[in-house]
Amino acid sequence: RNGDLDIWLSSYNDDDEWDSDYSPVVATGPGEQSHASVSLDNNGGLHIVWIDRKDTSSPTQIWYSYAIAE
């Protein structure tokens, strides 16, 4: 985490060290986004599922997003 409650995706550089961090727009913002699960399908599509709550006492919502590089 970068000190906030957003979902972050990270990648390695050519030296196998952590390099870039990216927070998908759909998994950021006010509230708490947590417990992410990420998967790549056979076509290179990225699937992300996570829990979203407005605050720690709010009801839990499950969110899903899909993206593919063009």
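In which strand is the place of Tyr64?

Reply: Tyr64 has its place in strand E5, where a strand is a DSSP run of E with at least two residues, numbered from the N terminus. This is a predicted model, in which local features need pLDDT of at least 70 and side-chain atom pairs count only at pLDDT 80 or more, while totals for chains, interfaces and linings use all residues. Residues are numbered from 1 along each chain as its sequence is written, and side-chain values use heavy atoms, with hydrogens and water left out.

At 48% relative accessibility, Tyr64 counts as partly exposed, because that class lies between buried, under 20% relative accessible area, and exposed, over 50% (1.4 Å probe, protein chains only).

Aromatic pairs come next. Rings of Phe, Tyr and Trp (its six-membered ring) pair if their centres lie within 6.5 Å, and planes under 30 degrees apart count as stacked, over 60 as edge-to-face and the rest as tilted. By this rule there are 2 aromatic pairs. One of them, Tyr12 with Trp18, is stacked, at 4.4 Å centre to centre and 20° between the planes, and both Tyr12 and Trp18 are exposed. Trp50 and Trp63 also form a stacked pair, at 6.5 Å centre to centre with 15° between the planes. Since Trp50 lies in strand E4 (residues 46-53) and Trp63 in strand E5 (residues 61-67), this pair ties together parts that are 13 residues apart in sequence. Trp50 counts as buried at 1% relative accessibility, whereas Trp63, at 40%, counts as partly exposed.

Glu32 belongs to strand E3 (residues 32-40) and Arg53 to strand E4, so that the pair links distant parts of the chain, 21 residues apart; both Glu32 and Arg53 are buried.

Gln33, likewise in strand E3, is buried with a relative accessible area of 1%. The side chain of Gln33 makes a polar contact with the side chain of Asp52 at 3.2 Å, a polar contact being a pair of N or O atoms within 3.5 Å of which, within protein, one must be able to donate a hydrogen and the other to accept it, residues adjacent in sequence counting only if both atoms are side-chain atoms. The side chain of Gln33 also reaches the backbone oxygen of Pro30 at 3.3 Å.

Leu5, in the segment before strand E1 (9-12), touches Gly31, Glu32 and Gln33, not counting residues up to four places away in sequence, with contact meaning heavy atoms within 4.5 Å.

Conventions. Helices (H or I, at least four residues) and strands (E, at least two) are DSSP runs, numbered from the N terminus.
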